[in-house]
Amino acid sequence: MRAPVLSVLLLTVMACGEDALEVLQEEASDCPALPAMQLGAAPSAAVVLNAYYLQEDATRDLRRGRAESSSVEETFAKAAALGAWAVRTNGYNDAADKRGDTTIQVAPLQYDELSLRGLDLVLTRAAAHGVKLVLPLGNYWDAYGGARQYVEWAGLPSSVQGDARFFTERAVIDHYKAHIARLLSRVNTFDGLRYGEHPAVLAWELLNEPRGKGLDPDGAAMRAWVDEVATVVKTYAPGHLVGTGEEGFDTSSAGYDELFWRDAASPSFFEGGISFRRNTASPVIDFASVHFYPEAYGIGREQTARAGAHWFFEHAAIARDLGKPLFIGEFALRNREGFTLDERRAMYRGWFRCAWRTGVGASAPWMFANDARPDEWDDFTFYYRDGTVPADSRNRHADLVIEAAALSGRP
């Protein structure tokens with residue numbers, strides 16, 4: 001009699017597990033239905049893949065004397081096969097420790113031509129594969145130089161990661177604007193097209209993940225910086241979209257679900273320095289930007305699925321009120337701790353459906369890798385490995401990208 005009892009218990013446990021996954025997916029997709037908005041020519045709820053490493057890989061292949069980059073070719077071919085409309089990748093590299101390797105700007109307004117040709121190759125091959133690009137122009141964080149590098153170049157003392165003087169010191173701002181003007185004026189050595197007119201570019205982002213630490217509590221200094229720098233981008237790339245690249249933090253919880261966020265998140269979400277609403281309202285910003293990393297943001301496990309839905313639809317509603325689409329530029333859950341693969345898949349599927357249902361312009365999971373990139377290089381990697389089907393568990397959630405892409409453009 002023991003075998004039937006064990007079978008019943010096993011089936012009960014499996015059913016409970018399936019029910020729990022369904023609940024996660026439902027919570028993650030619990031968003032109001034709103035009219036679709038588009039990010040330029042992209043279909044509504046388009047899927048974008050993050051693959052930040054392409055300029056580096058292209059440059060290293062060129063240094064080896066190769067005419068093309070297998071990494072770039074593989075990434076764009078697989079992005080297209082998964083139905084992605086665009087790839088978001090670095091349009092900058094100011095890293096002091098990569099000079100002579102992949103650094104683009106090696107000193108103030110001094111450039112490594114071969115590293116620039118690596119970026120040339122990325123633009124040219126994106127166009128060949130029919131994939132658009134979203135290109136951040138710099139980084140708030142230290143990776144690849146960041147705000148700290150510009151502050152150090154200006155000779156200012158005691159620089160730190162995300163140094164607030166990047167947004168306020170005139171010499172630093174003028175340097176960044178001059179660099180952007182030079183980059184967007186560059187003529188691609190492979191196809192003869194100026195960056196500011198290149199058909200592969202869907203959008204430029206002013207900075208990856210700017211934050212307001214050390215700035216005024218109302219977000220006025222950041223908004224002034226956004227206006228000034230975005231005007232330069234618009235001047236040199238008038239036919240391209242411009243976004244801030246921010247994560248969605250704000251100066252107050254007004255207009256958000258205050259009761260939900262009081263329980264779900266740190267008060268720092270709404271404690272000043274940068275204002276999503278204020279920045280999105282800028283006349284030289286074309287679309288709103290948010291990112292979502294619940295584990296890094298300190299969101300509780302039980303609230304994660306619903307927090308993603310709230311983050312997406314609340315910001316989409318604010319952007320809509322301002323007449324602009326929302327771009328969810330990054331979102332992810334860690335692979336090696338916390339949630340199981342099945343739990344992560346349930347939430348990713350739900351969040352993709354939320355993005356579609358609430359009418360966002362596009363959403364971009366972090367981080368799509370080519371086969372050669374070691375899994376341990378990033379906490380959030382997913383693949384579409386050669387010789388596999390997208391639903392293979394080794395790819396983690398490539399099949400969910402296909403599902404999401406199939407929804408884009410649908411009412």
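Trainee: Let's start with Met367. Where does Met367 lie?

Mentor: Met367 sits in the loop between strand 10 and helix 12. Keep in mind that this is a predicted model.

Trainee: What is the peptide bond from Trp366 to Met367 like, cis or trans?

Mentor: The bond from Trp366 to Met367 is cis, with omega near 15°. Most peptide bonds are trans.

Trainee: Which sense do strand 1 and strand 10 pair in?

Mentor: Parallel, over 2 bridges; strand 1 covers residues 46–50. Ala46 stands opposite Ala362 of strand 10.

Trainee: And how many bridges join strand 9 to strand 10?

Mentor: There are 3 bridges, and strand 9 (residues 326–331) runs parallel to strand 10.

Trainee: Going back to strand 1, what about Ala45? Where is its place?

Mentor: Ala45 is in the loop between helix 1 (2–28) and strand 1. It has a positive phi of about 55° although it is not a glycine. Most residues other than glycine have a negative phi.

Trainee: Is Ala45 buried or exposed?

Mentor: Ala45 has a relative accessible area of 7%, so it is buried.

Trainee: What's the phi of Leu109 like, positive or negative?

Mentor: Positive, about 60°, and Leu109 is not a glycine either. Its place is the loop between strand 3 (105–107) and strand 4 (110–111). Leu109 counts as partly exposed because its relative accessibility is 24%.

Trainee: Switching to helices: which one does His310 lie in?

Mentor: His310 is in helix 10, residues 304–321. With a relative accessibility of 13%, His310 counts as buried.

Trainee: Which residues does His310 touch?

Mentor: Leaving aside residues up to four places away in sequence, His310 touches Asp257, Phe260, Trp261 and His315.

Trainee: What about Pro411, where is that found?

Mentor: Pro411 is in the segment after helix 12 (398–407). It counts as exposed, because its relative accessibility is 96%. Pro411 and Asp101 are 310 residues apart in sequence, and their C-alpha atoms are 47 Å apart in space.

Trainee: Now the whole thing. How many helices and strands are there?

Mentor: The protein has 12 helices and 10 strands. Its C-alpha trace spans about 80 × 50 × 40 Å along the principal axes.

Trainee: Why does the radius of gyration agree with a compact globule?

Mentor: A compact globule of 411 residues would have a radius of gyration near 22 Å, and the protein has 21 Å, so the two agree. Buried residues make up 57% of the 411.

Trainee: How much of the contact list comes from residues 24 or more positions apart?

Mentor: They account for 75% of the contacts with a separation of 6 or more.

Note on methods. Residues are numbered from 1 along each chain as its sequence is written. This is a predicted model: local features need pLDDT of at least 70, side-chain atom pairs count only at pLDDT 80 or more; totals for chains, interfaces and linings use all residues. Side-chain values use heavy atoms; hydrogens and water are left out. Helices (H or I, at least four residues) and strands (E, at least two) are DSSP runs, numbered from the N terminus. The radius of gyration is taken over C-alpha atoms; the globule rule is 2.2 Å times the number of residues to the power 0.38. Buried means under 20% relative accessible area, exposed over 50%, partly exposed in between (1.4 Å probe, protein chains only). Contact means heavy atoms within 4.5 Å. Two strands pair if DSSP finds at least two bridges between them.
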